[in-house]
Amino acid sequence: MTPTVLPLYAHPAADPAAWRAVATAGDRLTVVVQPPGDPEHAEGVATLAAAGVTVLGYVDARYATGALPDLLDDVTRWAWQPVRGVWLDHCPTSPFSLGPVALATRVARRAGLGHVVLNPGVPTDPLYRELGAPVCTFEGSWRDYRRWSGDGSRRGDLHLVHSVPVEELAAARDLMARREAGGLVTDLPGYAGVPAWLRCEVDGPVRT
């Protein structure tokens with residue numbers, strides 16, 4: 001089964017309700033958290049992990065334009081945190097940029113970070129499939145998701161769909177299921193806070 005993925009980029013002190021809601025969901029969620037910065041953040045990550053949440057550490061691949069040692073340092077710093085893997089954001093799509101992404105994936109796995117997800121946000125070169133990591137092949141609004149043909153996406157890919165009206169959440173989930181993808185369907189315009197379907201579990205029913 002493809003996972004439900006939720007970027008959780010707010011600091012736990014800035015949005016404690018979101019972190020509590022995610023912990024309540026437990027092993028039904030995979031969340032992406034920002035790099036560690038202070039003890040309160042580290043404690044929040046540890047709480048999620050203890051609740052059974054699959055936690056991935058955020059790493060910005062910078063479309064493979066940055067210094068390779070910096071990218072690898074960003075990956076390995078997560079080895080000391082209670083996370084299961086890393087979310088490589090802003091991955092390039094060209095096969096000529098595969099090297100840094102492949103090396104970062106290998107280094108992550110050797111460091112015990114077995115769950116590596118590649119996020120170019122669009123369909124990428126088929127060579128990336130050889131890395132054996134899930135690929136996020138769509139990131140954008142519900143409007144754009146409906147217009148997208150789905151070309152370049154494969155079964156088990158991840159799609160991040162935001163700005164879905166609450167009354168259309170079910171339709172968005174159905175379309176994602178027909179495309180045999182996992183990921184996120186959220187009514188929010190971005191990744192601040194938690195989507196309506198998760199809020200209703202904590203605060204009460206929300207019409208969908």
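The questions and answers below walk through parts of a predicted model.

User: How are helices α1 and α2 oriented to each other, and at roughly what angle do their axes cross?
Analyst: Helix α1 spans residues 16-25, and its axis comes within 9 Å of the axis of α2. Angles under 35 degrees count as roughly parallel, and the two helices are therefore roughly parallel to each other. The axes of α1 and α2 cross at roughly 25°.

User: Which residues of α1 and α2 make the contact between these helices?
Analyst: The axes of α1 and α2 come within 9 Å. On the α2 side the contact is made by H41, G44, V45 and L48, and on the α1 side by W19, V22 and A23.

User: How do helices α3 and α4 pack, and what is the handedness of their crossing?
Analyst: Helix α3 (residues 68-76) and helix α4 (residues 98-110) pack at an angle of about 30°, with their axes 9 Å apart. Since angles under 35 degrees count as roughly parallel, α3 and α4 are roughly parallel to each other. As for handedness, the crossing of α3 and α4 is right-handed.

User: Where does R77 lie, and with which residues is R77 in contact, leaving aside its neighbours within four places in sequence?
Analyst: R77 lies in the loop between α3 and β4, and with a relative accessible area of 37% this residue is partly exposed. In space, the C-alpha atom of R77 is 9.9 Å from that of V59, which is 18 residues apart in sequence. Leaving aside neighbours within four places in sequence, R77 is in contact with P35 and P36.

User: Is Q81 buried or exposed, and which residues does Q81 touch, not counting residues up to four places away in sequence?
Analyst: Q81 is found in the loop between α3 and β4. Its relative accessibility is 19%, and because the limit for burial is under 20%, Q81 counts as buried. Not counting residues up to four places away in sequence, Q81 touches P36 and A42.

User: What is the relative accessible area of D157, and what separates its C-alpha atom from that of F138?
Analyst: The place of D157 is in the loop between α5 and β7. D157 is buried, with a relative accessible area of 2%. Although D157 and F138 are 19 residues apart along the chain, their C-alpha atoms are separated by 8.8 Å.

User: What is phi of S163, and where is this residue placed?
Analyst: S163 is placed in the loop between β7 and α6, and with a relative accessible area of 31% S163 is partly exposed. Its phi is a positive value in a residue other than glycine, near 60°.

User: Is P189 buried or exposed, and with which residues is P189 in contact beyond its neighbours within four places in sequence?
Analyst: P189 is found in the loop between β8 and α7. Its relative accessibility is 69%, and because over 50% means exposed, P189 counts as exposed. Beyond neighbours within four places in sequence, P189 is in contact with H162 and S163.

Technical notes. Residues are numbered from 1 along each chain as its sequence is written. This is a predicted model: local features need pLDDT of at least 70, side-chain atom pairs count only at pLDDT 80 or more; totals for chains, interfaces and linings use all residues. Side-chain values use heavy atoms; hydrogens and water are left out. Axes are lines fitted to C-alpha atoms, for helices over the stretch in contact, and angles run from 0 to 180 degrees between N-to-C directions. Angles under 35 degrees count as roughly parallel, over 145 as roughly antiparallel, 65 to 115 as roughly perpendicular and the rest as oblique. A crossing is left-handed if the near helix is turned anticlockwise from the far one by less than a right angle, and right-handed if clockwise. Buried means under 20% relative accessible area, exposed over 50%, partly exposed in between (1.4 Å probe, protein chains only). Contact means heavy atoms within 4.5 Å.
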